[in-house]
Amino acid sequence: MTGSANGLHLGLLLLILCPLVKAADGRNDTSEQHRDGWVSQPDGRGTFDILWSCLFTIFLCTWVSLHLNVPATHEQYRHLFFRKMRWMVQSILAPEFVLAFATGQKVEAKKSIEQFKDLDLPRENTSRTVDSALSRRSRLQNVGRRVSTLYQKVDMKLHGEEKDIKWTIRHAFYANMGGFVLQPRESAAFPINGKQLHWLIKRGYVGYPKMTAKDVWDKSKADGFQKSLTCLQTGWFIIQIVGRAIQKLPITTLELTTLSFVLCTLVMFSQWANKPLDVESPTVLTSSKSIAEILIEAGPAASQPFKQTPLDFIDNQSPSWLTEVQPHLRFRTGPRTRPLPRLTNDRFPVIGAGPDAVFLFLFTMAYCGLHFVAWDFSFPTPLERDLWRAASIAIAACAFIFWVCETYQDGHRLGRWERWYAKLFHDDRNGRINTMEKNRRNRRFIPVWEVIVMTPVTVVYTVARTYIVAEAFLSQRSLPIGAFASVHWSEFVPHF
């Protein structure tokens, strides 16, 4: 029985293996007869190809392009990660507003350069109306400042640093992002911006930072590989879109939305080109004076209690979403301690009416107008097409209303309208604006009327923008056949 069973098992095994051996031999014969040296990629693309290309490009545009301010010294990596994630989401929902922050920071950096040009030896006090004691005190302070400034210049010259130490746009960006921290004697340290640093240096409270532009850039964690990868990916993405448009191939709404991120990213890179990236630790500037002594010597201007830092009388970092708007909305996610442990990233930009403001306005309207390109695109349903059209109109209208309101109010904040009125009608009205009117204008940075107007505008914009982003992904469920066709690059090569 055992021998019969073994023979039966062997027979079954041979019965199974023989067809497999013949099939394998047949495949080997076929492969030997049909051999190819180069096989082209299938002509077309799939839904995954579209999603991967767009998502990867959006990630690079929103993550790598963000240049946030210097964090607080006590913050851990998770704080930095979630903060950058929040700004990444904001960049996806409203990239033009992040671009406005970048442009405003560049404008502030340019102003800082102009401000530091007058940083020289203090002049004599020529006022004759003060009493003798105050005059003697002022003269002694001027002498002390002169000696301090002269000592700095001699020290830099002896060490061969005089020609390298100057205030550049990199210094200005670094200062305004909280790169310098003031450590007064027997007082808590706190970050200062460029305007506050200029005031402290001019009065001899701190020395001029001995940092060249190269030293500032060494603090940056800018990864050349990341930026190169971003530029290559965005460049290739733009070429793909242009190629599809030339060959009249359908472009999906997701690709169009991604293209808007790409354009914003390229402009943000140019605005933040000189801002250090991901600086983790600030530069500490020590002062021999306590903060109480500094405030007393500053006079009545520094007599009011501070809200952000003790140097609010120079620049109070206003207005900011985290420190000023959110408390009125009954919730806060920003720094809770005072003085501020870091300078927030969301200080509303005051760009003015210069070329930067004109460029930002034109680019913002062009960005909003880009959504009108999909006016006649093929959508899964007519309702989705109509909603896209309505959202495109709403985004453009809200952006225009925002610019009109902000430009009008910004003119009042800076006294621009009074100066223009005086120039046009040769009236000295600007000189007759009393101190009370100036203080009222400074207190109400965002007046009640602007809140009433901008609240519904913000709601409409948010809803419209959310639909644009959501529809860009939802429309992938049903695309025209031509959307899966690839660009025939050979048609761009001249044939002779």
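Which residues lie nearest the centre of the second largest pocket? I looked this up in a predicted model, and found Gly44, Arg45, Trp236, Gln240 and Ser486 in that position, among 20 lining residues.

**Entry 1: confidence**

The protein chain has a mean pLDDT of 80, and 73% of its residues reach 70 or more. I then noted a stretch, residues 121-141, over which pLDDT stays under 50. For residues 121-141 the model has 15 contacts beyond four places in sequence. A further stretch, residues 433-437, also has pLDDT below 50, with three contacts beyond near neighbours in sequence.

**Entry 2: second largest pocket**

I returned to the pocket of the opening question. I recorded a space of about 540 Å³ for the second largest pocket. Which helices each supply at least two residues of its lining? I found α2, residues 47-64, and α9, residues 224-246. Helix α9 gives the largest share of this lining, with six residues.

**Entry 3: cavity**

How many cavities of 30 Å³ or more does a search of the whole structure find? The search gives one. I noted a volume of about 40 Å³ for the largest cavity. Its lining consists of His67, Leu68, Trp87, Val98, Phe101, Gln105, Trp272 and Asn345. Helix α4, residues 95-116, provides the largest share of this lining, three residues. By class, I recorded five nonpolar and three polar residues around the largest cavity, and no charged residues.

**Entry 4: cysteines**

I then checked the cysteines. How many disulfides does the structure hold? I found zero. The cut-off I applied to a pair of cysteine sulfur atoms was 2.5 Å.

Is Cys368 buried or exposed? I noted a relative accessibility of 0% for Cys368, which therefore counts as buried. I also looked up Cys405, which is buried with a relative accessible area of 9%. The cut-off for buried that I used in both cases was under 20% relative accessible area.

Note on methods
Residues are numbered from 1 along each chain as its sequence is written. This is a predicted model: local features need pLDDT of at least 70, side-chain atom pairs count only at pLDDT 80 or more; totals for chains, interfaces and linings use all residues. Side-chain values use heavy atoms; hydrogens and water are left out. pLDDT is the predictor's confidence in each residue, from 0 to 100. Contact means heavy atoms within 4.5 Å. Buried means under 20% relative accessible area, exposed over 50%, partly exposed in between (1.4 Å probe, protein chains only). On a 1 Å grid over the protein atoms alone, a cavity is a set of points where a 1.4 Å probe fits but cannot get out, and a pocket is an open set with protein on both sides within 12 Å along at least five of seven lines; lining residues have an atom within 4 Å of a point. Grid points are joined across faces, edges and corners, and a volume is the space filled by probe spheres set on the points. Helices (H or I, at least four residues) and strands (E, at least two) are DSSP runs, numbered from the N terminus. Ala, Val, Leu, Ile, Met, Phe, Trp, Tyr, Cys and Pro count as nonpolar, Asp, Glu, Lys and Arg as charged, and the others, Gly among them, as polar.
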